[in-house]
Amino acid sequence: MSLTLEQVKRIAHLARIEISDDEALTTQGHLNGIFQLIEQMQAVDTAGVEPMAHAQDVSQRLREDAVTEVDRRAAYQAVAPETEAGLYLVPKVIE
Amino acid sequence: MINKSLKELAQALATKQISSVELSTLFLDRIERLNPDINAFVTVDREKTLAMARAADARIAAGTAGPLTGIPVAQKDIFCAEGWTTTCGSKMLANFVSPYDATVIRKMHSEAGMVSLGKTNMDEFAMGSSNETSYFGQVRNPWDRTRVPGGSSGGSAAAVAARLAPAATGTDTGGSIRQPAALCNLTGLKPTYGVVSRYGMIAFASSLDQGGPMAASAEDCALLLNTMVGFDERDSTSLNRPVEDYARDLDKPLNGLRIGLPKEFFGEGCDAEVMAAVRAAIAEYEKLGASCVEVSLPNSHLSVPAYYVIAPAEASSNLSRFDGVRYGYRAPEYGNLDDMYMKTRAQGFGAEVKRRILIGAYVLSHGYYDAYYLQAQRIRRLIANDFVEAFKSCDVIMGPTSPSTAFKLGEKAADPVQMYLSDIYTIAVNLAGLPGMSIPCGFVGGLPVGLQLVGNYFAESQLLNVAHRYQQATDWHARRPGAID
């Protein structure tokens, strides 16, 4: 398998990373080298093998539906790039 | 004082031979003098450190001190610490002052009364094996400053090796504690997945990430691990297990220990002199009463390919949170919201992080998910099963930690695949979720060699015992790099 330049640009867009034509070309070379390594997996017959998503075979814990955290909005918003009146500011989304 | 073990330092503090303020100052002064050359620390805050040291001295005076109260330690900059800049080695978080403590930090500060000397350099978002992907510059290996310290916990490793700190925290997703420990002549332990809380530890690949200690000896690691572990409600994968003292079995004799030697780790691909040092260490173990048995991990050659699907897939999801809205970097100029995301992430992430996000986005995308992501997870199962089978005939698995000694700065930086292959012996352990260690076992051309020990699930105490007995019989771990001062 080998990624085309168009595919590289499309993935970059999906990942919301702006990429120049030059960068896309370098990235294409690197990614194809990495996928060559990854391709070794394709030769392995894994029919009937249960996928392993996690190191521990345990299920998610449940907890009481109770408030356990205190309100730390001011502290958390203090590290935001831009806030106003307790809200996070982003460029206008709806005209 | 700077070369003392944690136990000796604890005793010096308990007997008022030295105060925590004096001890911390000693290390802060060393950092000030030596760090500009080594670049192991990215953040030092003398006032914060001394405030913790004063609090520790008060605890010692009041008789409420724990075993490690007042001992200074370096923190990998992946752990959020309230009021401390927490960068994860990235431009994205270069100005992020954490509003909260990671559980590991909270335990070490509040419960254990330990003193943080600062935050250590690391590969950006822990993605790297040489510390060269850090936004804050490369770290130099104290054993040879033209070489890498390993990664991603390279700053922690260099800090302890140069005795800028008595011990440090690290994290290990594919070898990031063990490989730098090997390259810097340290003892490092990656616990069983789920033993150390991941809360506040900036996520790279959540099903693999695990924090652990890096220090000069197995005994130091055991004591430090005691302060890091424990069930945490705030980490959904934290395991609720009885508390244990990881130092309790250190002195147990090794008579009857069965060492498994995977034939796949003793074939081609490893430097011959590194292999000779590893074999000599195993011979030493036989003298200590252990016996060897050949085992097989037939799918281990697939661990690097499977890892480079699973880890980037998880990373692409985890790192989607860095969007310039709630914290971290935001591009100075942008058009609409999408443009803000695209420019923020293009400018805030380095090349290796972008590569892994792109791999992850691709293997998770429609039409490729089954062929890559699910296939990698199936292979992960095969790799884990290989270990289950191997542990039927042995107690601990041994082999090299890294296929070579520390390589030259820049040597592998241009070729991602070559860099990835430096973790060829460590990655399978993360995929299986097992505990692993690296301990010093010799030198090649003046550079340290690490012996990897892999234990069964929750066998940390046994691994530390196996490491400690070797360190009682040898002095590799006690060697220090020359020409530091």
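**Briefing: chains A and B**

In chain B, Ser152(B) is found in the loop that runs between β3 (115–120) and α5 (154–161); helices (H or I, at least four residues) and strands (E, at least two) are DSSP runs, numbered from the N terminus. The model is a predicted one, in which local features need pLDDT of at least 70 and side-chain atom pairs count only at pLDDT 80 or more, while totals for chains, interfaces and linings use all residues. Residues are numbered from 1 along each chain as its sequence is written, with chains lettered from A and ligands numbered from 1 in the order in which they are written.

**Backbone features in loops of chain B**

- The peptide bond that joins Gly151(B) and Ser152(B) is cis, with omega at about 5°.
- Lys16(B), which is not a glycine, has a positive phi of about 60°, and its place is the loop between α1 (6–14) and α2 (20–38) of chain B.
- Asn185(B) is likewise not a glycine and has a positive phi of about 65°; this residue lies in the loop between α6 (178–183) and β5 (187–190) of chain B.
- Most residues other than glycine have a negative phi, and most peptide bonds are trans.
- Lys16(B) is exposed, because 10 other C-beta atoms lie within 10 Å, whereas Asn185(B) counts as buried, with 30 C-beta neighbours inside 10 Å.
- A residue is buried if 20 or more other C-beta atoms lie within 10 Å of its own, exposed if 12 or fewer, and partly exposed in between, with C-beta atoms placed from the backbone.

**The surroundings of Trp84(B)**

- Trp84(B) belongs to the loop between β2 (72–76) and α4 (103–111) of chain B.
- Trp84(B) has 21 C-beta neighbours inside 10 Å and therefore counts as buried.
- Beyond its neighbours within four places in sequence, Trp84(B) is in contact with Thr43(B), Asp45(B), Val97(B), Ser98(B) and Lys119(B); two residues are in contact if their C-beta atoms, placed from the backbone, lie within 7 Å.
- Trp84(B) and Gly118(B) are 34 residues apart along the chain, and their C-alpha atoms are separated by 8.6 Å.

**The largest nonpolar core**

- The largest nonpolar core has 173 residues, of which Val73(B), Ala159(B), Val160(B), Ala165(B), Val309(B), Val396(B) and Leu453(B) touch the most other members.
- Helix α9 (residues 303–318) of chain B gives the most to this core, with 9 residues.
- A nonpolar core is a set of buried Ala, Val, Leu, Ile, Met, Phe, Trp, Tyr and Cys residues joined through C-beta atoms within 7 Å.
- Not counting residues up to four places away in sequence, Leu453(B) touches residues including Val396(B), Met398(B), Leu463(B) and Val466(B).

**Helices α9(B) and α11(B)**

- In α9(B), 14 of the 16 residues are buried, and the helix is mostly covered.
- Helix α11 (residues 351–363) belongs to chain B; 11 of its 13 residues are buried, so α11(B) is largely enclosed by the rest of the structure.
- Axes are lines fitted to C-alpha atoms, for helices over the stretch in contact, and angles run from 0 to 180 degrees between N-to-C directions.

**The contact between chains A and B**

- Chain A contributes 40 residues to the contact and chain B contributes 54 residues.
- On the side of chain A that touches chain B, α1 (5–14), α2 (21–38) and α3 (73–77) each supply at least two residues, and α2(A) gives the most, with 7 residues.
- The axes of α1(A) and α11(B) come within 9 Å and cross at roughly 95°.
- Ile11(A), Ala12(A) and Leu14(A) of α1(A) make this contact with Leu358(B), Ala361(B) and Tyr362(B) of α11(B).
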